[in-house]
Amino acid sequence: MNPIQALERWLDIRPDDRRAFWLSSAGAFIVIGFSVTARSLREAFFLDEFAVENLPYVTLAATALSLPAVAAFTKQLTQRSPDRVYNALLISLIAGLTVLWA
């Protein structure tokens, strides 16, 4: 038994659910990886211009802005198709990181 089969057996993944499980796992991996990368970029861009003593304030501001953003994202998902919402989110993230980079 290979490690993937052992993991599927341990998690009790049924044969019909294998594809959904692995796609969901890959999606979660990509989201978490993006989150870590985006935070690192944000902090690197900030530290390139400002003192390290101000970094906690930026982290606090990012957290405060994230809460309404999550609420707005959730509301958009209930009103529009997920493809449209995700495409708009991707474009806005690329635009935001481009502004920070410039």
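A salt bridge is a side-chain nitrogen of Lys or Arg within 4 Å of a carboxyl oxygen of Asp or Glu. The structure described here is a predicted model, and it holds four salt bridges.

One of these links R18 and E8, whose closest N and O atoms are 2.9 Å apart. Because R18 lies in helix α2 and E8 in helix α1, the pair ties together parts that are 10 residues apart in sequence.

R39 and E43, four residues apart in helix α2, are separated by about one helical turn. Salt bridges that share partners join R39, R42 and E43 into one network. R39 is partly exposed at 45% relative accessible area, and R42 is also partly exposed, at 26%.

| Salt bridge | N to O distance |
|---|---|
| R18 and E8 | 2.9 Å |
| R39 and E43 | 2.9 Å |
| R42 and E43 | 3.9 Å |

Helix α1 spans residues 3-10. At its start, a side-chain oxygen of N2 reaches to within 3.1 Å of the backbone nitrogen of I4. Just after α1, D12 takes a positive phi of about 60°.

The surface also carries a nonpolar patch of about 520 Å², made by I4, L7, W10, L11 and W22. Helix α1 gives the most to this patch, with three residues. W22 is found in helix α2, which covers residues 18-49, and is partly exposed, with a relative accessible area of 31%.

Technical notes: Residues numbered from 1 in each chain as written. Predicted model: local features only at pLDDT ≥ 70, side-chain atom pairs only at ≥ 80, totals over all residues. Heavy atoms only, no water. Patch = residues over 30% accessible without salt bridge, like charges linked within 9 Å, V, L, I, M, F, W, Y side chains within 5 Å. Areas by Shrake-Rupley, 256 points an atom, 1.4 Å probe, with all protein chains shown as cover. Helix = DSSP H or I, 4+ residues; strand = E, 2+ residues; numbered from the N terminus. Buried < 20%, exposed > 50% of the residue type's maximum accessible area, 1.4 Å probe, protein only. Polar contact = N/O pair within 3.5 Å; in protein donor to acceptor, adjacent residues only side chain to side chain.
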